[in-house]
Amino acid sequence: MEQHTNSGNPNVDLAYRRKKNAEDMKHQVISFVLMIFLTLIAFFAVGYDKFSPWFSVPFILLLAAVQVAFQLYYFMHMSHKGHEVPSVFLYAGVFVAFLTIWAFMTIVWW
Amino acid sequence: MSTLARKKGVGAVIWDYLTTVDHKKIAILYLIAGGIFFLAGGVEALLIRIQLAVPNNDFVVGGLYNQILTMHGTTMIFLAAMPLVFAMMNAVVPIQIGARDVAFPFLNALGFWLFFFGGVFLNCSWFLGGAPDAGWTSYASLSLESPGHGIDFYVLGLQISGFGTLIGGINFLVTIVTMRAPGMTYMRMPLFTWTTFVASALILFAFPPLTVGLILMMMDRLFGGNFFDPAAGGNTIIWEHLFWIFGHPEVYILVLPAFGIFSEIFATFSKKRLFGYSSMVFATVLIGFLGFMVWAHHMFTAGLGPVANAIFAVATMAIAVPTGIKIFNWLFTMWGGNIRFTTPMLYAVAFIPSFVMGGVTGVMNAAAAADYQYHDSYFVVAHFHYVIVGGVVFGLLAGAHYWWPKMFGKMLSEKLGKVTFWLFFIGFHLTFFIQHFLGLMGMPRRVFTYLPGQGWETGNLISTIGAFFMATATVVLLINIVVTTVKGKKADADAWGDGRTLEWAVASPPPEYNFAQTPLVRGLDAYWIEKMEGRKGLTPAEPLGDIHMPNPSILPFIISLGLFIAAFGFMYHKQHSWSLFVGIAGLLITLGSMFLRSVIDDHGFHIHKEEILEAENKGVKA
Amino acid sequence: MHVEEKLTAETFPASPEKATLEGKNKFIGFWTFLGGETVMFASLFATFLALRDKTANGPTAEELFKMPLVFVATMLLLTSSLTSVYAMYHMKNFDFKKMQLWLGVTVLLGAGFLGLEIFEFNEYVHEGFKFSTSAFSSSFYTLVGTHGAHVTFGLLWILTLMIRNAKRGLNLYNAPKFYVASLYWHFIDVVWVFIFTVVYLMGMVG
């Protein structure tokens, strides 16, 4: 197999790429701010004792799911092209994970 | 530095195999190691059958019987069937997709050595105070109470070999995703490659629950954990769930590659393309998917309640549908074909009724209400031996005969091969058919003897006789291998004359770079297409040039050895305090070798164009 | 060797982690491995959820967990995830020095997190919450400890890469290694998000 597979054009527009990377980074920072925000809400929802657990538990789980989506799609670049195979295996893993947890929360103590 | 066609001494050959990262040599290692464990498991099976041949026998009694029984199951599944499947995958899959090697040659070797040391560790138990004795499922309520270190050998040995399997699975997934030759689209992959792909995905998701289960068991037994101890709030059912979340997909991990082997064989020896290729792929993926939703059918009698039992019963029965699709496709492949009954084809044809019987009893077991009758009886023993022997072992024997010339360059004797087949086939049905009825008559599994006068004597005697038929078949196979090795006929590239897939286009055995030029794949059954158009070789996709190869390395061996040492250290830490340091030293060996692997650059080497030309002209390609 | 070829910002490819076949293999292989890790952690979470209220007269989650400590630990790890994104940003821009700098910050934050976790476990043990106290304690230490082991391994891994490549800079041989290590670090963070939610916050809700 040939190792060298540069984009074909050795004079790729560097400035363009830099700009695109910088833009990307800006999205990353925004998602980080949102993640911190979500974390704060989660801690607050638990610390605030007027919420019943029936509200706060599903609520913080939802926040966790959203935050993880940020991690996966922005920090780990799953929103970029070329992540089809990773998505298949990650979601297959999530599927098995979900089945396992569901089973352990229901039929283990029946 | 020519690495081609060197003459070597014995020491050099051993060193070569200790350090090899070549998938073809790793396949041979898997075949030898898996074969030896298969013999060990077979001897254990014979001991079981001798003990049960007559009522009130005292040949192997009580605790020793439990150990033999446990080791028979554990060895056959983890140390024989799994590595033999990996032997086939390693020997064939990279060549079938037109690749020069697997994606991670180093990890491939590491996977083998981890499996090997795990298996050796497990079998060390025989000499160090007794083997595990809680059944291959090692249910926590039994295994926590088991005295001695038998269960610790089970837990740590399977943990090590399980890591090896996981690594092997990831390696094949990536190989199939990234290393396919130009034109080899997913829907042009041979069925064996497809089944390898799906089985590897199952490994990826099924082995982590086993890993966790084994960690919890290790914590409970060696480090004071309370996962399965009801007195401290634990729950023994957790082990059962984790084990079967792994254990049921494991059945498909074994049987799907066997399905792939049969698909290749049916097409080759019917001289027809596989009937319903797309539906075969679909059925394979569907079986893999459904395989994760049925594990609790092993636990119907554990008291999960009617709702859970009903859900898992229906999901289990659903698996019969894709399996049925496959059976019909194989039959239609043969229909109207130009059939040659070679040894592999005999296994393939015999597989269909044998496996269907296992499937039918499977659906019977899946009916949760009826399962209360079958549970823990010989009916279940008969069922899973029909599936595992009638499916997996037939598949492995068929594959071994089919690809033997490709792996070793010599044809196995067809005459002896057919003797093996008939002995094994008859012996298999003698042994296990009658066990259905023994089970229905109430004979419990895993009990070391029975009383006379219950009508079980004849059945058990027949079963034992059958086991000796299978043992004789195995001996004939070994003789066949020895005879072939000494004076076998040299195999052509297209050893059976009717090869359809890429592995038959390269020399037998293939050169270490597989393909002098990466082939261009122009359709399903790529080699057949070329032959039908009157070409001798494959259409190349690249000019002849230097070929990049990975370097051999001893590190996989040392990494695995470190874990082997560590396992001994941690196992004895309660008796001897210094033993803990042995454990830590073992881990340091492993981590240190991983560190070396990380910091020492490994760019591989190149085989130069001139050497390739020379090798190709010397007649490897003929 | 080709992969060690000295590159410049202009010739450095847009996706250095996937520019070689080896890199692509690492990339795909590591993602599939993360799929398996997902199932492994799910099994640990499932066990924890089944045993979380089986305290066998030992301390309960509500008695043990302290919000401020968990909050600080979470902030450290979340921030370390961002700093490793910065490192990868500079890798794509072929700025080796800045990449090393941000990786260094990542390691420091990760080490801080690990230090807090060790401190926390030590506290619990002194409060009579040992590994063998109850089913809850066993499952807690195994789940959180497995995560902690991942953090430790990640730190050692990133440090090894930083030191090994400190003198030679970026090339197509080591870029995929850095990239994959950063994926691992993010995954550790993903797991932690579920740990602080499911173990700590849900534990404090009761």
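**Helix packing and chain contacts in a predicted model**

Student: In this predicted model, which residues of α6(B) meet which residues of α18(B)?

Tutor: On the α6(B) side they are B:Asp152, B:Leu156 and B:Ile160, and they meet B:Leu563, B:Phe564, B:Ala567 and B:Met571 of α18(B). By class, this contact comprises six nonpolar residues, no polar ones and one charged residue.

Student: How do you know whether α6(B) and α18(B) are roughly parallel or roughly antiparallel?

Tutor: The axes of α6(B), residues 150-178, and α18(B), residues 555-571, cross at roughly 155° and come within 10 Å. Angles over 145 degrees count as roughly antiparallel, and α6(B) is therefore roughly antiparallel to α18(B). The handedness of their crossing is right-handed.

Student: What makes α3(C) and α4(C) roughly parallel or roughly antiparallel?

Tutor: Here the axes of α3(C) and α4(C), the latter being residues 96-126 of chain C, cross at roughly 160° and come within 8 Å. With the cut-off for roughly antiparallel set at over 145 degrees, the conclusion is that α3(C) runs roughly antiparallel to α4(C). The crossing in which α3(C) passes α4(C) is left-handed, and the contact between α3(C) and α4(C) has 15 nonpolar, eight polar and three charged residues.

Student: How do you know whether the radius of gyration of chain B agrees with that of a compact globule?

Tutor: For 622 residues, a compact globule would have a radius of gyration near 25 Å, and chain B has 24 Å, so the value agrees. The C-alpha trace of chain B spans about 70 × 65 × 45 Å along its principal axes, and chain B has 20 helices and two strands.

Student: Which part of chain B does the UniProt annotation cover?

Tutor: According to the unreviewed UniProt entry, "domain: Cytochrome oxidase subunit I profile" covers residues 9-522 of chain B. In the model that span is 69% helix and 0% strand, and its end C-alpha atoms lie 43 Å apart.

Student: How many residues are in contact between chain C and chain A, and which helix of chain C gives the most?

Tutor: The contact involves 48 residues of chain C and 50 residues of chain A. Helices α1 (21-51), α3 (67-92) and α6 (175-205) of chain C each supply at least two residues of the side of chain C that touches chain A, and α1(C) gives the most, with 16 residues. That side of chain C divides into 29 nonpolar, 15 polar and four charged residues.

Conventions: Residues are numbered from 1 along each chain as its sequence is written. Chains are lettered from A and ligands numbered from 1 in the order in which they are written. This is a predicted model: local features need pLDDT of at least 70, side-chain atom pairs count only at pLDDT 80 or more; totals for chains, interfaces and linings use all residues. Two residues are in contact if their C-beta atoms, placed from the backbone, lie within 7 Å. Helices (H or I, at least four residues) and strands (E, at least two) are DSSP runs, numbered from the N terminus. Ala, Val, Leu, Ile, Met, Phe, Trp, Tyr, Cys and Pro count as nonpolar, Asp, Glu, Lys and Arg as charged, and the others, Gly among them, as polar. UniProt positions are given in the numbering used here, feature names are shortened, and annotations may be inferred rather than shown by experiment. Axes are lines fitted to C-alpha atoms, for helices over the stretch in contact, and angles run from 0 to 180 degrees between N-to-C directions. Angles under 35 degrees count as roughly parallel, over 145 as roughly antiparallel, 65 to 115 as roughly perpendicular and the rest as oblique. A crossing is left-handed if the near helix is turned anticlockwise from the far one by less than a right angle, and right-handed if clockwise. The radius of gyration is taken over C-alpha atoms; the globule rule is 2.2 Å times the number of residues to the power 0.38.
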